[in-house]
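Subject: Handover of a structure

Dear colleague,

Please find the sequence and structure below. A summary of what was found follows directly after.

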Amino acid sequence: MNIKLQQLNHFVMVVEEGGFRAASNRANRSQAALSTSIKELEKILGQPLFESGNKLTLTPFGKICLPKIMQFLNAYSALDNDLRAAAAGQQGRVRIASVPSVAAKLIPSVLAAFCEKYPKVEVSLVDDNAAGVEARLLAGEVDLALGNSSNIEDDTLDFTPLLTDPIGVVCLRDNPIAAHSEGIKWQALLKQPFIRNGTCTLLDPTPARVLSQKALYSIENITSLFSVLELGIGITTLPKLAFPTNETRLIWIPLTDPPLKRQIGIFKLADRTISPQAQSFLDLCIQYLNYTDESD
């Protein structure tokens, strides 16, 4: 016969309350039921816990058992609290991968709200390009990923769209095409030296892919890209979110023909249940980002 958790609790209650009557009130059980519970525990252990002539006095065996039982019950209570907290998303870890523009401009607001609501949850955020973000999710390195829907071709991924991000041209403010600040057609860019970057794959399904195909330069790193653009040796295309809001030397101009946009969203593995913590982060992303439209 196995020891029951209730029997251990009843034993400690009798000791703490100084008698069966007070302990029975605390346990909301009759004195007879409490006494039976203790007797069953003694039978399982093979030794009495209380002196037969004085039910308030512990036997030597009872004195040995008391601290061990209390230690176990405290550990059990802590485990119970931890598991319930984890189930409620109050503890644990969330791993997120994001494309740099989203990580820099949008994630901070979500992260601030998440940390305030779940201060004990560890958050790990890594930025990567769109393909890298997807690869990290598929490899199990992260729980959630934020990126461009055009890179999601695997049916094992579950994608939730959040916002659209328009594509535009980036050039120096003294470039003649900067006069078209309200928008410009891709044909007007053909005579400009073009710098290809990782987001230029967004041009591929459109006639504007000619710009990328005739590029003289190719730069993947976004910091290096802006440094080269500031030298005035070429132009490029970028999503609006990828353009720094505090940029003074360069200008972002929306493409009007074709008017291109990328769909930004959050995705997870379709065949796997995410943790409560990750689900909470996903819900906050939807709450904070789903109403935003960067084209406004």
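There are zero disulfides in this structure, which is a predicted model. Cys-115 takes part in no disulfide, and the nearest cysteine sulfur, that of Cys-285, lies 12 Å away. A disulfide requires two cysteine sulfur atoms within 2.5 Å, so the sulfur of Cys-285, at 12 Å from its closest counterpart in Cys-115, is too far away for a bond. The surroundings of these two cysteines may also be of interest to you. Cys-115 is partly exposed, with a relative accessibility of 36%, whereas Cys-285 is buried, at 0% relative accessibility.

Turning to the strands, strand 3 comprises residues 92–98 and runs parallel to strand 4, residues 121–127, with seven bridges joining the two. Strand 3 is also joined to strand 5, residues 144–148, by three bridges, and this pair likewise runs parallel. Ser-98 takes part in both pairings: its bridge partner in strand 4 is Asp-127, and in strand 5 it stands opposite Leu-146.

Finally, the surface carries a nonpolar patch formed by Leu-216, Tyr-217, Leu-231 and Ile-233, which together have about 410 Å² of accessible area. One of these residues, Leu-216, is located in the loop between helix 8 (209–213) and strand 9 (217–218). Leu-216 has a relative accessible area of 60% and is therefore exposed, the cut-off for that class being over 50%.

Yours sincerely

Definitions and conventions:
Residues numbered from 1 in each chain as written. Predicted model: local features only at pLDDT ≥ 70, side-chain atom pairs only at ≥ 80, totals over all residues. Heavy atoms only, no water. Pairing = 2+ DSSP bridges. Helix = DSSP H or I, 4+ residues; strand = E, 2+ residues; numbered from the N terminus. Patch = residues over 30% accessible without salt bridge, like charges linked within 9 Å, V, L, I, M, F, W, Y side chains within 5 Å. Areas by Shrake-Rupley, 256 points an atom, 1.4 Å probe, with all protein chains shown as cover. Salt bridge = Lys/Arg side-chain N within 4 Å of Asp/Glu carboxyl O. Buried < 20%, exposed > 50% of the residue type's maximum accessible area, 1.4 Å probe, protein only.
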